[in-house]
Amino acid sequence: QPTVTTLTQGTSAQLTFSGSMPTITTLTATASPNTVSYTNTAAGQTVIATTYHHLTIDDSGQTATLGGNTTLNGNLTITAGTLQLSTANLTVTGTSSVTGTLADNSATSTNLFTGAVTINSGGIWTETNNPAFTFRGGLTNNSSSGFTSGTGTYTFDTNAQTISGSQAFTITNLTNNVTSGTGPTFSGAQPTVPTPTQGTSA
């Protein structure tokens, strides 16, 4: 694999890492839109820590692990395989679509989803060590394959949003900090929330 000092994605550009990763000192992938895809089905990959527009994980049978704090100005798509957030902070401004697996094994990372998060049929949401997540665009679970929230706090704040889906699931600790509109709305297969907490003025 080559060594690249600076790789810059242009507007509407597509970049795919399908094998072993090249050495890239600086990846600039903020042009709107552009998409970077990690698709190695033979071995795990490290997702370069940077700011992306769209990011796609399609590595069936393998795991792509965030290499450091990562921001998406666009959408996150996990088509197959696993995206492991690990100890890195993840911020997704656009929508998140999970048909593979989204996993987090860190108790200290910060995970913020501004856009709607949808776990599609066959998708898995799993964690260990009880990480926390913040949602500002709602959460939909349409998968019976597995939703594990642990005891980390799932905070819904800033925007009125919907918690819904065709499959029942459990959010052990849910905090509502939405002070605008109707706050969170529950619909579809109602989630089980053993420990709900209302924030100030929510």
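Strand 17 (residues 139-141) and strand 19 (residues 161-164) of this predicted model run parallel and are joined by two bridges. Strands here are DSSP runs of E with at least two residues, helices are runs of H or I with at least four, and both are numbered from the N terminus; two strands pair if DSSP finds at least two bridges between them. Within this pairing, Leu139 is placed opposite Ile163 of strand 19. Strand 19 is also joined to strand 21 (residues 184-186), by three bridges and again in parallel, and the bridge partner of Ile163 in strand 21 is Phe186.

Residues are numbered from 1 along each chain as its sequence is written. In this predicted model, local features need pLDDT of at least 70 and side-chain atom pairs count only at pLDDT 80 or more, whereas totals for chains, interfaces and linings use all residues; side-chain values use heavy atoms, with hydrogens and water left out.

An open sheet of eight strands shows parallel pairing in the order 6-8-10-13-16-18-20-22. Strand 18 (residues 153-157) and strand 20 (residues 173-177) are connected by five bridges and run parallel, with Phe156 opposite Asn176 of strand 20.

Aromatic pairs were assigned where ring centres of Phe, Tyr and Trp (its six-membered ring) lie within 6.5 Å; planes under 30 degrees apart count as stacked, over 60 as edge-to-face and the rest as tilted. The count under this rule is 13 aromatic pairs. Phe17 and Tyr38 form a tilted pair, at 5.2 Å centre to centre and 35 degrees between the planes. Because Phe17 belongs to strand 2 (residues 14-17) and Tyr38 to strand 4 (residues 35-38), the pair ties together parts that are 21 residues apart in sequence. Both residues are buried (under 20% relative accessible area, with exposed over 50% and partly exposed in between, for a 1.4 Å probe and protein chains only): Phe17 has 6% relative accessibility and Tyr38 has 0%. The rings of Phe113 and Phe133 have centres 6.3 Å apart and planes at 25 degrees, so this pair is stacked. Phe113 lies in strand 13 (residues 110-113) and Phe133 in strand 16 (residues 132-135), 20 residues apart; both are buried. One aromatic cluster comprises Phe113, Trp125, Phe133, Phe135, Phe147, Tyr154, Phe156 and Phe169.

Ser86 is located in the loop between strand 9 (76-84) and strand 10 (90-92). Its relative accessibility is 17%, and Ser86 therefore counts as buried. The C-alpha atoms of Ser86 and Thr65 are 6.8 Å apart, although the two residues are separated by 21 residues in sequence. With contact defined as heavy atoms within 4.5 Å, and residues up to four places away in sequence not counted, Ser86 touches Thr65, Asp104, Asn105, Ser106 and Ser109.

For the protein chain as a whole, the secondary structure comprises zero helices and 22 strands. Of its 202 residues, 48% count as buried. Among contacts with a separation of 6 or more, residues 24 or more positions apart account for 15%. The C-alpha atoms fill a box of roughly 55 × 30 × 30 Å along the principal axes.
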